[in-house]
Amino acid sequence: MNVSVAPISTGLSQARPISVAVLAMGGQGGGVLVDWIVALAERRGWYAQSTSVPGVAQRTGATIYYIEMIAPDASKPDRHPVLSLMPAPGKVDIVIGAELMEAGRAMLRGLVSPDRTLLIGSSHRSLAVVEKTAPGDGTADASQVYDAANVAANRFIAFDMAEIADSTGSAVSAVLFGALAGAAALPFTTEDFEATIRAAGVGVDASLRAFTAGRERATAELKRDPKIKPAPKPPLGKRFPRLAPIGHPDYDALVARALHLPAELHGIVAAGLQRVVDFQDVAYGGEYLNRLEAVPRDATGLLQAFAKYLAVAMAYDDVIRVADLKTRAGRFGRVRREVRAADDQVLAITEFFHPRIEEMAGLLPPRLGEKLERSERLAKLIDRGRKLRTTSPASFLLLYCVAGLRRFRRGTLRHAREMRHLDDWAQRVRKFAAQDVALATAVCEARRLVGGYSDTHSRGETKFDKVMRAADRLAGRQDAAEWVQRLTKVALKDADGAELDGALRTVETLFEDA
Amino acid sequence: MAERSFAREVEDLKLGAGQEFRGEGILAITKALLECGVSYVAGYQGAPISHLMDVLSDAQDILSDLGVHFETSASEATAAATLAASVMYPVRGAVTFKAPVGINVASDALANLTSGGVTGGALIIIGEDYGEGSSIMQERSHAFAMKSQLWLVDPRPDVASIVKAVRDSFDLSEASNTPVMLEVRIRACHVHGRFASRDNVRPSFPLSRALEQPSRDTNRIVLPPASYLHEKEKIEKRWPAAVEFIRARGMNETFAGDIDDIGIIMQGGMYNGVITALREAGLADVWGETRIPLYVMNVTYPIVDAEVIEFCRGKKAVLMVEEGQPEFIEQALHKILRNADIPAKLHGKDLLPMAGEYTAQVMGQGIGAFIRRWRADVLPDAARAPNIDRVEVDDKIRALADVVPPRPPGFCTGCPERPIFSAMKLVEKELGPHHVAADIGCHLFSILPPFNIGATTMGYGLGPASASAFNVPAGKRPIAMMGDGGFWHNGLTSGVGNAVFNQHDGVIVVVDNYYSAATGGQDIPSSRADNRSRSTKHPIVEAVKGVGAKWVRQIDRTYDVTRMRDTLREALTTEEKGPKIIVASSECMLNKQRRVKPLAAAAAKRGERIVRERFGVDEDVCSGDHACIRLSGCPSLSVKPTSDPLKDNPVAAVDNSCVGCGHCGEVADAAVLCPSFYRADIVSNPSAFEVRFDRLWRRMIGALQRWRAGRRVMFEQEAA
């Protein structure tokens, strides 16, 4: 970089500028980083030119900045360099991605090349809209960015700079500036970098802390054996509780019973058992095991799916459970940590409830509930948004009392309905298990369509019921399980239900030919 | 107040002779204007020249010290019409806006101005919004110069060249009695560089003198027979005068090279790209030395025929590097060379693409092809055959195309426009989809996920106008969007007035966020801020009623999704005839945060009671359905993985960038989604009573919670 070779006979200087591309999202401080880099170069008497294409891309979109810099040539004191206003694929010395997928985007644009490019990326993720709106898990695969970076870049430095920024009270841009210093890719000293931050004069202390942390981390990364390539953090694993006694005699009896189930099941059964006991009581845990034991124990895959979705179905989301979760010991402390309230600050928490008549009537005994549910006048009265300040006495006590209705839950309309729906499903699973284990498993897994509250719940249940009817129709076919899986997948992806109806029509055509 | 303050940079405008100016391209232009003795400056904000307007706004004191009048115009047409001051009087004026959309709006005034001609130098600085990052249709401003016979200056994209172009352009304008357009591309507007500054110059002819001693000349007015005279004058006097001036001043530049049987001609703005491409091919260096001769057209209209002929004489071939389409200059060169019997082969759009930005890659390929065809012998081996094995690299990178998500711009965290579209989504669920005429502004992000609302855009402020045809009996009404910026730009007359007059039955939603937000938060007539040099606080509702609208609803808090939805529903279903106008007002969050944050920090430091709001999600209540995100798309509302083995999907989570606008909670309520959201009010410096009550109540709550915990089975993770 910027190597001066003796001019060849043509008289052309062989000096070339150092080029830096920064890819950031609007609001990440990409502009600040670029200003620092320019000021750094100028501080040492270099020429530096930066450009960007801000415009509306500032509004949360992906933005690219480009810098070229070069030391003055003593033999041409009156000449200004002619620098490029945009990066050329394969010709960029340093590429900085302020977020992992932005580093990926830099590679896609061909800016990172194995013969020259140092790639510095923050490994944190800031999810794009398309990743977040997917009903299932739409998160992009980070490991592919690492795979590409490890072959595409000459050197690749990646670590979680958002975390460092967070802990130092600064922004990702300051950590990136530190990483740039630590990577020693520019012919400037740490003191030059720090003086640049000081001269800019905004949030100096926090920026310097973040800078130093970023620099030290990058230095450490570079000292590592080059054969060990940077890799993404493993995804968060599922945490299965142990199926073990806890010193509660009745619960421990259930554990002893559950231990007779195949060992592969112990993790999920422990999770399920804890969930249903927590939802209602120990006796409810017994019911859970009864249902589980009614399924033939030789098909482990089926049992595993059943153990999971049975627990989810039994611990359905009702008003009592929400009130319980919102008023529990430990919740206020957790919120305090999440919103970073200091000890000397007072915290008030407000909940956003919108109960419909269905939820309220669901709390009543079946016959009364069914009657009231049909009252439009009552519906109008109840159906509106309510904001409850859980941290205030009146609202807390209200929710606390609702949570206390738990002991009457078995007698409610909602419970009766949930159990009917559940039994219907469990019966179907048992029926299919006898002839087609794969189909029974698929029917188990389709249960993931049901969940959530209010409209979401009824929408999910409608989709689930449609898939169940299709399962009944498909039973006996070789490809029945495959179809049910496919339908579940379509239903999951499709928030409105239109695609599912299309897929169901396709199922119908299977029978037309027959 | 604009979203970016230039208070520090403005100091650089005071630099004098012998000092070096360092900074962004548009700042340098501002400085150059002052050095040229400009009397007045006007303009309309918009990328990439918003900063120019913001700098001038922040520099009002310096401007008034110098006797320079500065105005934020109502539209580009207003800005262009401002140049009328230079028709009769020897005053220099400059206006600025983005191009080509700004020129579209201004073209009526520009055509009139150019027809009569000018006495004082008239400069139109256009920020050419073309190529990557552009937010508008891809067209050229060149055609405007040709049709009106005004001159187009396209300087080399470095700060020193741009500043020189400003100085030359005023002289050119005065020498040829013609307004001059100075075109600066988007990257050049934001290029950082340096130039040797000069002293600022006070205008020699104050505007007040023009008012006190007015003069007129019927021959300068566009009315027959003067207009016929103007056309002749343009061709017989002004054009030749311009060509003569350009040549004498040396505005265009020729760079000699030893490989002189070929050459490259380019628009000034392409120069750095050409040098970089030549440098990569080993034929130029970073200091601008080149082995291929170059002719740089810093003035792209008019063309100086004699210079072209001189450059091409004796060459086998020349390449014209001209960005944009159609290839106006290349066509002109063909005629010039043919008339002069110059045999040089002319290349251009045959080797370079007809459409699209001339990126470094495109330029490298085009210039490479030209040199390989005519002088392959001068290329170094590496430039002819690069030998890096990239197979594995390319495969892994190609795979990223399916991984890296698109990240278009969208509504900011806490944006007050988001709830308007959430409400529209909810209405859509009830009444079915509607035809929605969109408009220019941040609200246009509604066309993207997660909202996917909006069918067309026809230009700034023309949303309601673009729904005009849909004024027929039908089961549904059209909805037209318009921002407050577009409203004052022309929408009041073209949209609302038109709808009233034609008894249009549609719905018009005016998004009022207190600023011209998309262009950088400048003030407009309905802004709520105190602005010492502008008159603000003129309600949109009053203006709308003033032109005769009857069904008008003002919503003062757009975050109230329920109310927003109900009002929209009413507008779509009411029996009342005529336009239904909803003015939805809440302050732009980006600007609000910039305004409020320092105030809150200062108040907290003083020990005052401060409440900070933010939202959160109870992870164990969230079902992972993401319906809330599909109605929001807020950057701070995201998803995170969960370790709960009973949950299949990642759960919703609110990160620390949350500004507590409340949208997620309101949507969860209006759409009856789920009770996972909570709002946390964090009180700094609480009152003594507050603290005591809080402590007491927390103790009581703790006791109740412990009592209940003691009566249930407790598992490990809860205790942790």
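Predicted model: local features only at pLDDT ≥ 70, side-chain atom pairs only at ≥ 80, totals over all residues.
Q: Which domains is chain A divided into?
A: Chain A has domain 1 at residues 18-223, domain 2 at 319-411 and domain 3 at 416-514.

Q: And how far apart are the C-alpha centres of domain 1 and domain 2 of chain A?
A: Those two centres lie 47 Å apart.

Q: Is helix H13 of chain A enclosed or exposed, and why?
A: Helix H13(A), residues 319-327, is largely enclosed by the rest of the structure, because eight of its nine residues are buried.

Q: Which residues of H13(A) are buried?
A: They are A:Val319, A:Ile320, A:Arg321, A:Val322, A:Ala323, A:Asp324, A:Lys326 and A:Thr327.

Q: What covers them?
A: The cover includes helices H10 (266-279), H14 (331-338), H15 (357-361) and H18 (393-404) of chain A, together with E7 of chain A.

Q: Which strand of chain B does E7(A) pair with?
A: Strand E7 of chain A (residues 346-353) pairs with strand E23 of chain B (residues 677-684); the two are antiparallel and share six bridges. Within this pairing, A:Ile349 stands opposite B:Ala680.

Q: How many residues does each chain bring to the contact overall?
A: Chain A contributes 122 residues and chain B 105. On the side of chain B, helix H26 (residues 688-710) gives the most, with nine residues.

Q: What is the make-up of that side of chain B by class?
A: The side of chain B that touches chain A has 56 nonpolar, 26 polar and 23 charged residues.

Q: Changing topic: what is the strand order in the seven-stranded sheet of chain B?
A: The order is E3-E2-E4-E5-E7-E6-E12, in an open sheet with mixed pairing. Strands E3 (69-72) and E12 (299-301) of chain B are at the edges, each pairing on one side only. On average, neighbouring strands are turned by 20 degrees against each other, direction ignored.

Q: Do E5 and E7 of chain B run parallel or antiparallel?
A: Strands E5(B), residues 122-128, and E7(B), residues 180-185, run parallel and are joined by six bridges. One of the bridge partners in E7(B) is B:Leu182, which is paired with B:Ile125.

Q: Which strands does helix H9 of chain B touch?
A: Helix H9(B), residues 159-176, packs on the sheet and touches E5, E6 (151-153) and E7 of chain B. The direction of H9(B) makes about 165 degrees with that of E7(B).

Q: And which strands does H7 of chain B lie across?
A: Helix H7(B), residues 101-116, lies across E4 (93-99) and E5 of chain B, running at about 145 degrees to E4(B).

How values were computed. Residues numbered from 1 in each chain as written. Chains lettered and ligands numbered in written order. Pairing = 2+ DSSP bridges. Helix = DSSP H or I, 4+ residues; strand = E, 2+ residues; numbered from the N terminus. Axes fitted to C-alpha atoms, helices over the stretch in contact; angles between N-to-C directions. Contact = placed C-beta atoms within 7 Å. Domains from an automatic or database assignment. Nonpolar A, V, L, I, M, F, W, Y, C, P; charged D, E, K, R; others polar. Buried ≥ 20, exposed ≤ 12 C-beta atoms within 10 Å, placed from the backbone.
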